[in-house]
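Have a look at it while I talk.

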Amino acid sequence: MRLRMELFVDDLEASVAFYVQALGFVVERRSPGYVSVRRGDVVLGLGPVSGLPELGDGPGFSQERLAGRVRGLGVEIVFEARDRAELRLLYEHCTNAQVVVEELRERPWGLADFRVGDPDGYYIRITHT
């Protein structure tokens, strides 16, 4: 099993630029209104909120449901670098890109991590294995 996470975003091109430039993803597939980016085994689908139905009664997302909401509320997206060396390089790159919201530090559970926020406010923790 693998994981593909889909994120609904306000500005598709700004989100693509963030994941490519700040986090080193590559565009895997692009179609009107949807971009798939990949880094290793991590795949993210990015789609604009404006492409969702305006209203919706079912369990899925709609523009109305996401209006004025904090994106990713209750979810922490965690990316794992292969080791501490790769984590340090990612941290330096993200620091230069000015996207770090919590500095790199050792955690009580024995791992180091840092946190970034994407253009839509999705909260991302980057750690190592």
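Let's start at the hairpin: β6 and β7 make one, with 5 residues between them, and G110 in that turn has a positive phi of about 95°. Helices here are DSSP runs of H or I with at least four residues, strands are E runs of at least two, and both are numbered from the N terminus.

Quick caveats: this is a predicted model, so local features need pLDDT of at least 70 and side-chain atom pairs pLDDT 80 or more, while totals for chains, interfaces and linings use all residues. Numbering runs from 1 along each chain as its sequence is written, and side-chain values use heavy atoms, with hydrogens and water left out.

β6 is residues 100-106, β7 is 112-117, and they run antiparallel with 4 bridges; pairing takes at least two DSSP bridges. E106 has A112 as its bridge partner in β7.

Now α1, residues 12-22. Which of its residues are buried? That's L12, S15, V16, F18, Y19 and A22, where buried means under 20% relative accessible area with a 1.4 Å probe, protein chains only. At the N-terminal end, D11 is the cap, with a side-chain oxygen 3.2 Å from the backbone nitrogen of E13. Just after the helix, G24 takes a positive phi of about 80°.

Zooming out, there are 3 helices and 8 strands, in the order β-α-β-β-β-α-β-α-β-β-β. Of the 129 residues, 38% count as buried. The C-alpha trace spans about 45 × 35 × 30 Å along its principal axes.

Key. Buried < 20%, exposed > 50% of the residue type's maximum accessible area, 1.4 Å probe, protein only. Polar contact = N/O pair within 3.5 Å; in protein donor to acceptor, adjacent residues only side chain to side chain.
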